[in-house]
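Keep the sequence and the 3D view open as you read.

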Amino acid sequence: MSTRTEKPVLFVKHECPFCLKVRLYLLEAGLLDTVTLRESRSPEEEKAMRAELEPHLDKVSYPTLRLGDSYMTESDDIIARFAKESGSAPAQLPTFQAYVDGPFKQLLALYKENAELKKSA
Ligand SMILES: N[C@@H](CCC(=O)N[C@@H](CS)C(=O)NCC(=O)O)C(=O)O
């Protein structure tokens, strides 16, 4: 009987800012090789990945982390899980923090503004 433990699988969409946040955390924390990265880089690959995830999730969302039979779909929860396990606090990682406080924050603000504009249009 095999005792090999499967690595967690991180499903990401190439252009997704939430996915980049998790990847940046893993990279800067030196944890990238503790996961198997599955990335969709085209609409066709995304369709296939979605079909793979759909049976396991109420709503497909990226990033998704598969841990054995369970799935996590919140980027902050995924980061917190790795931070707890490794002791590598996100607040101590300057590049990660620069992304979260800079481009990521701006993207979220633009996304919200866009949603409001669509609502009132
Ligand atoms: N709360 C989630 C939000 C993630 C999110 O909105 N991801 C987008 C991609 S950037 C998504 O999955 N959208 C739905 C879709 O692609 O079907 C998180 O922080 O992980």
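## Ground rules

This is a predicted model, in which local features need pLDDT of at least 70, side-chain atom pairs count only at pLDDT 80 or more, and totals for chains, interfaces and linings use all residues. Residues are numbered from 1 along each chain as its sequence is written, and side-chain values use heavy atoms, with hydrogens and water left out.

## The chain as a whole

The chain contains 4 helices and 4 strands; helices (H or I, at least four residues) and strands (E, at least two) are DSSP runs, numbered from the N terminus. Reading from the N terminus, their order is β-α-β-α-β-β-α-α. The C-alpha trace spans about 60 × 35 × 25 Å along its principal axes. Of the 121 residues in the chain, 31% are buried. Buried means under 20% relative accessible area, exposed over 50%, and partly exposed in between (1.4 Å probe, protein chains only).

## Around the ligand

Which residues are around the ligand? They are K13, C16, P17, F18, R50, V60, S61, Y62, P63, T73, E74 and S75, where being near means that a heavy atom of the residue lies within 4 Å of the molecule. This shell divides into 6 nonpolar, 3 polar and 3 charged residues. In that count, Ala, Val, Leu, Ile, Met, Phe, Trp, Tyr, Cys and Pro are nonpolar, Asp, Glu, Lys and Arg are charged, and the others, Gly among them, are polar.

| Residue | Protein atom | Distance to a ligand oxygen atom |
|---|---|---|
| R50 | side-chain N or O atom | 2.6 Å |
| S75 | polar side-chain atom | 2.7 Å |
| T73 | backbone N or O atom | 3.5 Å |

On its own the ligand has 510 Å² of accessible area, and the protein covers 72% of it (Shrake-Rupley method with a 1.4 Å probe; for residues, only the protein chains shown count as cover).

F18, one of the shell residues, belongs to helix α1 (residues 17-28). Is F18 buried or partly exposed? F18 is partly exposed, because its relative accessible area is 33%.

The peptide bond from Y62 to P63 is cis, with omega near 0°. P63 sits in the loop between α2 (43-53) and β3 (64-67). T64 is in strand β3, and T64 counts as buried because its relative accessibility is 0%. A polar atom of the T64 side chain lies 2.5 Å from the backbone oxygen of S61.

R38 has a relative accessible area of 29%, so R38 is partly exposed. T36 has 35%, so T36 is also partly exposed. Between the C-alpha atoms of R38 and T95, 57 residues apart along the chain, the separation is 23 Å. T36 and E46 are 10 residues apart in sequence, and their C-alpha atoms are 17 Å apart in space.

How values were computed:
Polar contact = N/O pair within 3.5 Å; in protein donor to acceptor, adjacent residues only side chain to side chain.
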